[in-house]
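Work through these exercises with the structure open. Try each task before you read its solution.

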Amino acid sequence: MSRSGYIYRFDEGNAGMRDLLGGKGANLCEMAGLGLPIPPGFVISTDACRRYYDGGRQFPPGLWDDVRLAVAEIESAAGRPLGDPQTPLLLSVRSGSKFSMPGMMDTILNLGLNDETVDGLARMTGDRRFALDSYRRFIQLFAKVALRLDPEPFEETLVDARRRAGVASDAELDEDALQTVVRRFRTLVAEAHAEFPAAPWDQLRVAVQAVFDSWNNPRAIAYREHHGIPHDLCTAASVMAMVFGNSGWDSGTGVCFSRSPATGEPALYGEYLPNAQGEDVVSGARTPKPIAELAKELPDAYAALLAFARRLESHFRDVQDIEFTIEHGRLWVLQTRSAKRTAMAAVRTAVDMAHEGLIDREEAVRRVPAADLTQLLLPRFDDAAKRSAVGEGRLLGRGLNASPGAATGRAVFDAATAAREEGDPVILVRPETSADDVPGILRAAAVLTSRGGITSHAAVIARGLGKPAVVGCTALNVDPGQRRMSVGGAVILEGDEISVDGFTGEVFTGPIQTIDPDISANRELPQLLSWADGLRRLGVRANADTPSDAAVALAFGAEGIGLCRTEHMFFQTERLPYVRDMLMCARDVSRLEREALEARTALEGTSGEARRLAEERQRAAAERLAQSDDARRYAAALQRLSEYQAADFREILRAMDGKPVVIRLLDAPLHEFLPPLESLVGEVAALQATGEDAAALPEKERLLEAARLLHEVNPMLGHRGSRLGLTYPDIYDMQVRAILQAAADLRGAGLDPRPEIMAPMVVAAGELRALKDRLQEVAAQFGVVLGQAGSIPFGTMIELPRAALAGGRLAPEVDFFSFGSNDLTQMTFGFSRDDAEEKFLRFYLERRFLVHNPFSTIDELGVGRLIRIAADEGRAANPRLQLGLCGEHGGDPESILFCHRMGLDYVSCSPLRIPVARLAAAQAALGERETDV
């Protein structure tokens, strides 16, 4: 370590110093310790970068003196001084933070060249073409990164040079062409009035500043925010002697993986470019060769690379992403890091490595990010629909299948447009991507490039995000300036629909039907999830409203249903007429029932003439009720709905035989089952005005009357949930009767149905007592008991702040609490889930008023505290109380960790999130075990 404490030689660090040296610097030190061929160099620490920002973008005292001393050691090891006109040392300056951020920050190569040293490099190597190629690369990269000049004019100069020379790649440009390119590059810098330092030491100072500055460039900030990486970590800077992959056709550069980052196949995977430098590969400017061809062209270098890859994977016990350069046949390793990979690859490599003994089963479970499992649930194109598209001539071309998945969207040709899109899916189409395209990639449904390989920026970023990507589709002529692409006679304009298959690399015009995935096709996932099931404490159930949902949930490993929403069953077309009959008749029936009840009550304590008159009133009230058409329609509607509900519950309970099924009684405001009030007003007015269809008018008027009666200014906080069950008790009676009838039918068939009844929107213990007392009368008809010691568990959804705060009062009345985190979040924040994101939530997140979207991840400070209060006070009042969570937060790994810490018994989420929840629950348990240790 240097005197200032900011500089570490490669032989002074190790892989455990990522906080200080960044992942790249720490791994370079580790490889140096393993004796791998690493160019001499040193690392400027992340602490120096933090001090740089704290000091107003000024280097901290002592840093530059220590940089000079460290460079002197590189000069001694290389035998060449920096800036020497005869035998110049050239350097690379590379960024590297604690967490891998591929392509997000900046690198400068070939530093140390100027008009004098380029001649020295030419004489020293005997290859002026190579020297000029290195010089034009340095000017181009330094101008873009350090001087922040527009890269397009430089790229256009190269395009023009290739056109004039009649060659396809920069590697084929001769000495004269490169000399012209260098002169043009210098002119471009001068025309921009930029100060390009000639002195190598000045170049180095500006380069280190540029690397530090790149920590806060827009793409790096966007990447960190998307991946939840803290903004205060800062980057290290690794300074190394240059080795040259562009020094001839016996040289080259590439990126390889010790296993496939797309599938996890245990074989060397990657690509390389002969006579090139690293930026050529990752930028996508040239389409590289598969790594297997290196075995034919430079077999000794390939054998060494294969051996190093195996050694590094064994040492780090993880799939490695390795950057390498070959200089005149000699292999140099420039970087290794844990590879970004698809979920498919992550699952396979974790399981394979556990079987191979590289890691244990617990590490295999830790190794796969739970949220990434959603990638395995990515849609695929329907095979028949895709064959049809091919037959119709809609196949545009094939590229490299860089990241799996399938997407249809409107083509857009620049990242800024993609980033602005708010509506339908878009597909970002570029000749090649650069790191500046990241905001557009984040928004796009898929990425398509005409150049570049599987290790280009587009491929790496898309894989990390779980988005489909096809790269290197060379048949496409992409013209961003004209906002179009063409192939053969087909022209695709911006806004036209295209379809991208990241599994096969195919690109089509128009939409293609997609199908849901089959995770059983991934042989390793069931193994990984079975290991996870053996580690987790938290149960995992599904939110499922239909038998098909229940079947999907079971296939994904659900241990029951934590939320079955009964209101969804009422919206089916054949059922709505009965629901509306019930609602239109309910008011009058209620009045008649109330009159009959009052007449019965009036009999009490009467005698003589008064009793005779009371009995007559009772008979008259009972007769009116019995002869009422409304009462008959009401009873018929309830009976029919009960039959529908019983059939629904029977099939769901059958699918979940032997597993708990929590059924939430009707929660939706009743007006949702009627046509909109405004449209009914218009229809009735039209019928009255025209006199047409007179027979329909009375029914429409009654429907309008019901709609007016049920209309609410704020239905979210209105007549719904348990309030509805108390004021319209026949509805909940009907539902409970249907549940118990379904269960009885299945028991009679030898099955083991386990329904649990849940009352929604409760705020007071009195509500629960009143509901349970009434519903117990229904249960008694089936010989069962609701609640506590009874055979049918009875609980409530905690979805209102008042309910959470009154948890200790509610708990003695029920067997379970189920936290409805969606509504609890809405009620706590005062945010409408349907409106907030579109109107202001994104603004709040961008301004960091909120750290997370509270509808995606539980807000621990507010909503979380309410859950804690309800859980703690509820269990204190009822030690047998079971606790679950049934909002969509039940499928979010961070929220699952919170639920584990709170001691909940289970989470419930959508069926497709079940694998995520199973793995996240195991990782939460492992994290708790590590904390205890």
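**Before you start.** This is a predicted model, in which local features need pLDDT of at least 70, side-chain atom pairs count only at pLDDT 80 or more, and totals for chains, interfaces and linings use all residues. Residues are numbered from 1 along each chain as its sequence is written, and side-chain values use heavy atoms, with hydrogens and water left out.

**Exercise 1. Describe the chain as a whole.**

Step 1: Count the elements. There are 36 helices and 31 strands. Both are DSSP runs, numbered from the N terminus: helices are H or I with at least four residues, strands are E with at least two.

Step 2: Take the dimensions. The C-alpha trace spans about 130 × 70 × 55 Å along its principal axes.

Step 3: Find the buried share. It is 56% of the 933 residues. Buried means under 20% relative accessible area, exposed over 50%, and partly exposed in between, with a 1.4 Å probe and protein chains only.

Step 4: Check the contacts (heavy atoms within 4.5 Å). Among those with a separation of 6 or more, 70% join residues 24 or more positions apart.

**Exercise 2. Classify the ring pair of Phe-831 and Phe-840.**

Step 1: Recall the rule. Rings of Phe, Tyr and Trp (its six-membered ring) pair if their centres lie within 6.5 Å; planes under 30 degrees apart are stacked, over 60 edge-to-face, the rest tilted.

Step 2: Search the whole structure. It holds 21 aromatic pairs.

Step 3: Apply the rule. The centres of Phe-831 and Phe-840 are 5.0 Å apart and the planes meet at 75°, so this pair is edge-to-face.

Step 4: Phe-831 is buried, at 12% relative accessibility. Phe-840 is partly exposed, at 27%.

**Exercise 3. Which residues does helix H2 bury, and what covers them?**

Step 1: Locate H2. It runs over residues 46-54.

Step 2: List its buried residues. They are Thr-46, Asp-47, Ala-48, Cys-49 and Tyr-52.

Step 3: Look for the cover. It includes helices H1 (18-33), H3 (63-78) and H8 (200-213), along with strands S2 (41-44) and S5 (235-241).

Step 4: Ring pairs link Tyr-52 with Tyr-53, Phe-59, Trp-64, Trp-201 and Phe-212 in a cluster.

Step 5: The charged end of Arg-68 sits over the ring of Trp-201, 4.3 Å from its centre. The test is NZ of Lys or CZ of Arg within 6 Å of the ring centre and within 35 degrees of the ring normal.

Step 6: Leave the helix. Just after H2, Gly-56 has a positive phi of about 75°.
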